[in-house]
Amino acid sequence: MKRGLNLTSGTLGMAMLLVGWQVLAWVVRRPILPSPVEVFPVFVKLLPGELGLHFAASAGRVLVSILLAVATAAPLGLVLGQSRRLDRVFDPLIAVTYPIPKIIFLPVIYVLMGITDLSKIFLITLIIFFQILVVVRDEAAKLHSELILSVRSLGAGRRALFRFVYLPASIPSVLTALRVSTGTAVAVLFIAEQSLTVYGLGYYIVIETYQVLRYPEMYAGIMAMSLLGLILYVTISHLERKTSPHRTEMADQ
Amino acid sequence: MIKVANVSFAYPAQPDLFSSFSLEIPRGTSLAIIGPSGCGKSTLLYLIGGLIKAASGKITIDGVPLQRPRPRTGLVLQDHGLLPWATVWDNAILGLKIRRFYGPDGKHAPPAPTDSADVENDAVEYWLKRLEIDDQRDKYPAQLSRGQRQRTAIARTLVLSPDLLLMDEPFSALDAAIRRELQETMIDLQGERGMTSVMVTHDIEEALFIGSQILVMKTAAGGDAQMIDNAFAGSAGDNSLGEYKHLREQLRHMLERST
């Protein structure tokens with residue numbers, strides 16, 4: 001059976017979620033759980049206005065973080081994966097720092113980098129950075145020397161090796177790393193946005209709606225944040241499938 | 001003509017694999033290199049291929065000193081070295097893409113202007129057909145048998161019309177029947193194209209079948225390597241001849257003494 005998201009399974013999953021939500025709303029019957037019938041019009045009404053701005057602020061932070069993380073971690077991962085000596089030097093450090101939940105550095109980052117967007121972006125970049133670094137490094141290490149020798153014998157120098165071997169080898173692994181790390185990134189963003197900003201879905205959900213008991217609006221915010229996660233996930237897995245057809249073909253057999 | 005003159009080489013923190021080693025391979029020769037593992041057969045191949053640099057000494061091909069991999073030297077390894085994310089077709093055309101990437105700079109690619117895309121496609125088409133792999137063109141390496149992967153790797157090299165073909169145990173991972181078939185294909189091709197070829201093998205029968213000359217390397221340092229003429233190259237049917245058996249025994253003896 002093929003797993004994952006396509007139009008049919010996406011619609012079906014969405015329908016099941018809405019039905020479940022509605023049933024739960026009927027059973028619980030409290031203001032903290034309004035029915036989707038009540039929330040949907042609010043979501044549609046708010047999205048082009050205020051909610052849209054919060055959405056754009058969060059999406060912008062995630063996208064900038066993704067770009068920064070890819071731009072720094074991918075080349076570094078390639079270098080480490082191809083140089084056994086450097087890898088031996090840095091591997092212990094990476095092994096120790098990789099599992100640390102980066103969000104615990106939030107206060108430190110706020111103090112050092114100030115309360116601007118920069119600190120939030122830095123925190124999220126840090127999370128994605130380590131994922132990409134590790135996955136790209138391992139993928140680059142798998143490119144065995146015979147492959148490199150063969151391609152060099154076809155005339156490839158450093159530039160062509162990068163263009164025809166390292167780049168195509170690392171793009172799918174960058175995307176895999178992004179797919180598994182954006183979920184965490186959005187979660188951390190939610191927490192980071194609860195303070196020291198006035199824009200962002202985390203701020204909207206907690207400060208602007210939850211704390212003043214505007215529950216339908218809060219759910220509109222929750223929907224927007226879910227949508228952000230979903231769009232990122234679907235886009236990344238689509239790109240992933242497109243850039244590594246050899247993996248897809250294997251899985252279909 | 002390939003001239004290896006007084007070449008020394010050692011891997012880092014290891015004793016000399018070659019010291020003042022010399023060898024001449026005339027144009028059109030089909031040389032088989034045989035020897036125990038660790039004697040430096042593959043290293044010699046990589047040195048001639050310009051993939052590693054000698055510590056001292058000089059290697060020239062047709063009078064030109066070797067600095068880097070030569071555009072017209074082809075290399076086929078035991079592990080085919082195909083790109084796992086590219087189809088048979090895309091792997092076979094890789095060398096041409098690399099040439100196009102650099103343009104005719106005479107360094108990474110021959111100085112002659114690159115062919116049109118049509119001519120290039122025809123060349124790839126021709127070699128895939130010739131190696132009987134054209135019906136697999138849209139498959140990825142992981143979907144192929146070992147033999148099919150090796151056919152793809154050979155096609156990829158021949159598409160670049162090399163005048164020197166270097167092979168490192170190209171067929172040793174293959175079934176006997178497919179191995180013989182590919183050996184015959186290589187002998188035909190070499191006769192047809194007038195290529196010089198150097199094949200490293202650990203198989204005496206293969207060396208006798210492929211090599212018009214056989215270089216027996218006995219120990220590291222290359223000092224006591226011995227060149228032997230072989231009149232039986234390409235003649236599969238004569239295995240029962242006394243002289244053939246004699247030569248085979250002689251080779252076996254030389255190799256046994258060295259280990």
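Start by selecting A:Leu213, which sits in the loop between H9 and H10 of chain A. (Helices here are DSSP runs of H or I with at least four residues, strands are runs of E with at least two, and both are numbered from the N terminus.) Check the backbone: phi of A:Leu213 is near 60°, a positive value in a residue other than glycine. A:Leu213 is exposed, with 10 other C-beta atoms within 10 Å. The scale behind that word: 20 or more other C-beta atoms within 10 Å of a residue's own make it buried, 12 or fewer make it exposed, and anything in between is partly exposed, with C-beta atoms placed from the backbone.

A word on what you're looking at: this is a predicted model, where local features need pLDDT of at least 70 and side-chain atom pairs count only at pLDDT 80 or more, while totals for chains, interfaces and linings use all residues. Residues are numbered from 1 along each chain as its sequence is written, and chains are lettered from A and ligands numbered from 1 in the order in which they are written.

Now step back along chain A to helix H9, residues 201-209. Its buried residues are A:Leu201, A:Gly202, A:Tyr203, A:Tyr204, A:Ile205 and A:Thr209. Show helix H3 (50-82), H8 and helix H10 (215-243) of chain A too, as those are what the buried residues of H9(A) pack against.

Zoom out to the whole of chain A. You'll find 11 helices and zero strands. The C-alpha trace of chain A spans about 70 × 50 × 30 Å along its principal axes. Of its 253 residues, 34% count as buried. Take contacts next (two residues whose C-beta atoms, placed from the backbone, lie within 7 Å): among those in chain A with a separation of 6 or more, 75% come from residues 24 or more positions apart.

Which residues touch the most other members of the largest nonpolar core? Select A:Ile132 and A:Val136: they hold that spot in a core of 121 residues. (A nonpolar core is a set of buried Ala, Val, Leu, Ile, Met, Phe, Trp, Tyr and Cys residues joined through C-beta atoms within 7 Å.) Helix H8 of chain A, residues 158-192, gives the most to this core, with 15 residues.

Next, a helix pair. Packed helices are described by the angle between their axes and the distance between the axes. Select H5 (residues 106-113) and H6 (residues 117-142) of chain A: they pack at an angle of about 140°, with their axes 9 Å apart. Axes are lines fitted to C-alpha atoms, for helices over the stretch in contact, and angles run from 0 to 180 degrees between N-to-C directions. H5(A) and H6(A) are therefore oblique to each other; under 35 degrees would be roughly parallel, over 145 roughly antiparallel and 65 to 115 roughly perpendicular, with the rest called oblique. For the side chains to display, A:Leu106, A:Ile109, A:Tyr110 and A:Met113 in H5(A) meet A:Leu118, A:Ser119, A:Phe122 and A:Leu123 in H6(A).

Time to cross over to the other chain. In all, 24 residues of chain B are in contact with 19 residues of chain A. On the chain B side, strand E6 (73-77) and helix H3 (94-102) are the elements that give two or more residues. H3(B) gives the most, with seven residues.

Show the rest of chain B: eight helices and 10 strands. Its radius of gyration, taken over C-alpha atoms, is 18 Å, close to the 18 Å that the globule rule gives for 259 residues, so chain B is as compact as a globular protein of that length. (The rule is 2.2 Å times the number of residues to the power 0.38.) Of those 259 residues, 42% count as buried.

B:Asp62 lies in the loop between strand E4 (56-61) and strand E5 (64-65) of chain B, and its phi is near 50°, a positive value in a residue other than glycine. With 13 C-beta neighbours inside 10 Å, B:Asp62 counts as partly exposed.

Last, select B:Ala10, in the loop between strand E1 (2-9) and strand E2 (18-25) of chain B. Is B:Ala10 exposed or partly exposed? With 17 C-beta neighbours inside 10 Å, B:Ala10 counts as partly exposed. Leaving out residues up to four places away in sequence, B:Ala10 touches B:Pro15, B:Asp16, B:Leu17 and B:Ala55.
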